Amino acid sequence: MKLKHAFLIILLVLIIDQWSKIYIKTHFILNEAVTVFSWFQIYFVENEGAAWGTKIPGEYGKLILTLFRIVAVIGIGYWLVSAVRKQQPKILIICISLILAGALGNIIDSVFYGIIFDHSYGNIATLFAENPYGTLLHGKVVDMFYFPIIDTTLPSWVPIWGGERFRFFEPVFNVADSAICIAVGLMILYHKKIFPKN
């Protein structure tokens with residue numbers, strides 16, 4: 001597989017990812033939801049941290065996280081170029097391309113969204129706003145896909161959690177996150193082909 005094919009995969013994922021995020025940001029108020037099916041919602045949230053909203057505490061936590069993501073993307077990019085040059089399996093190159101595209105998609109939010117959008121609290125955000133909500137490297141990642149496949153109250157006889165609300169699947173995610181998850185799933189599925197034993 002050639003490098004230009006990998007770049008096409010990355011570009012396609014980035015276009016879909018950024019289009020969906022910009023659409024949500026400019027058409028939804030924060031925490032607004034539209035039910036598509038009983039088990040699927042378009043639900044606009046913003047993530048200030050890493051996966052599942054995990055944050056690095058402190059004044060520079062967000063900056064450290066964004067810089068870490070940039071360093072990780074450089075490493076993944078090197079891995080991609082190396083895999084293409086070594087003519088490694090096509091499925092591996094596709095997986096690396098999806099991971100790189102997903103990482104880049106969320107980095108764009110972290111790096112630029114704070115300076116091109118105003119806030120979404122109680123109003124629809126404006127693209128290229130006069131009063132942006134943040135600064136360079138301090139943007140929030142836009143998430144919108146929510147699958148509350150199971151939303152119930154646990155029976156009282158269940159130890160510890162009895163009577164509490166239970167939801168599966170709880171995380172809200174985006175196209176970039178999906179690309180990374182698909183890549184990891186493919187790597188697990190095709191691990192013998194991707195990482196053959198000598």
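Q: What is the order of the four strands in the open sheet, and is their pairing parallel or antiparallel?
A: Strands of a sheet pair through backbone hydrogen bonds, and they may do so in parallel or antiparallel fashion. In this predicted model, the four strands of the open sheet follow the order 1-2-3-6, and the pairing is antiparallel. Strand 1 (33–37) and strand 6 (172–173) stand at the edges, where each has a single partner strand, so one side of each lacks a neighbour in the sheet.

Q: How many bridges join strand 2 to strand 3?
A: Strand 2 (residues 40–47) and strand 3 (residues 141–146) run antiparallel and are joined by five bridges. Across this pair, isoleucine 42 stands opposite phenylalanine 145 of strand 3.

Q: Which residues does phenylalanine 145 touch, leaving aside those up to four places away in sequence?
A: Phenylalanine 145 touches Phe40, Gln41 and Ile42, and also Pro171, Val172, Phe173, Asn174 and Val175.

Q: Which residues touch the most other members of the largest nonpolar core?
A: That core has 40 residues, and those touching the most other members are Ile24, Ile42, Leu80 and Phe145. At least two core residues come from each of helix 1, strand 2, helix 2 (61–85), helix 3 (90–116), strand 3 and helix 4 (175–189), with helix 3 supplying the largest share, 14 residues.

Q: Which elements have the lowest and the highest mean pLDDT?
A: The mean pLDDT of the protein chain is 91, with 94% of its residues reaching 70 or more; among the elements, strand 5 (residues 165–168) has the lowest mean, 86, whereas helix 1 (residues 3–27) has the highest, 97.

How values were computed:
Residues are numbered from 1 along each chain as its sequence is written. This is a predicted model: local features need pLDDT of at least 70, side-chain atom pairs count only at pLDDT 80 or more; totals for chains, interfaces and linings use all residues. Side-chain values use heavy atoms; hydrogens and water are left out. pLDDT is the predictor's confidence in each residue, from 0 to 100. Two strands pair if DSSP finds at least two bridges between them. A nonpolar core is a set of buried Ala, Val, Leu, Ile, Met, Phe, Trp, Tyr and Cys residues joined through side-chain atoms within 4.5 Å. Buried means under 20% relative accessible area, exposed over 50%, partly exposed in between (1.4 Å probe, protein chains only). Contact means heavy atoms within 4.5 Å.
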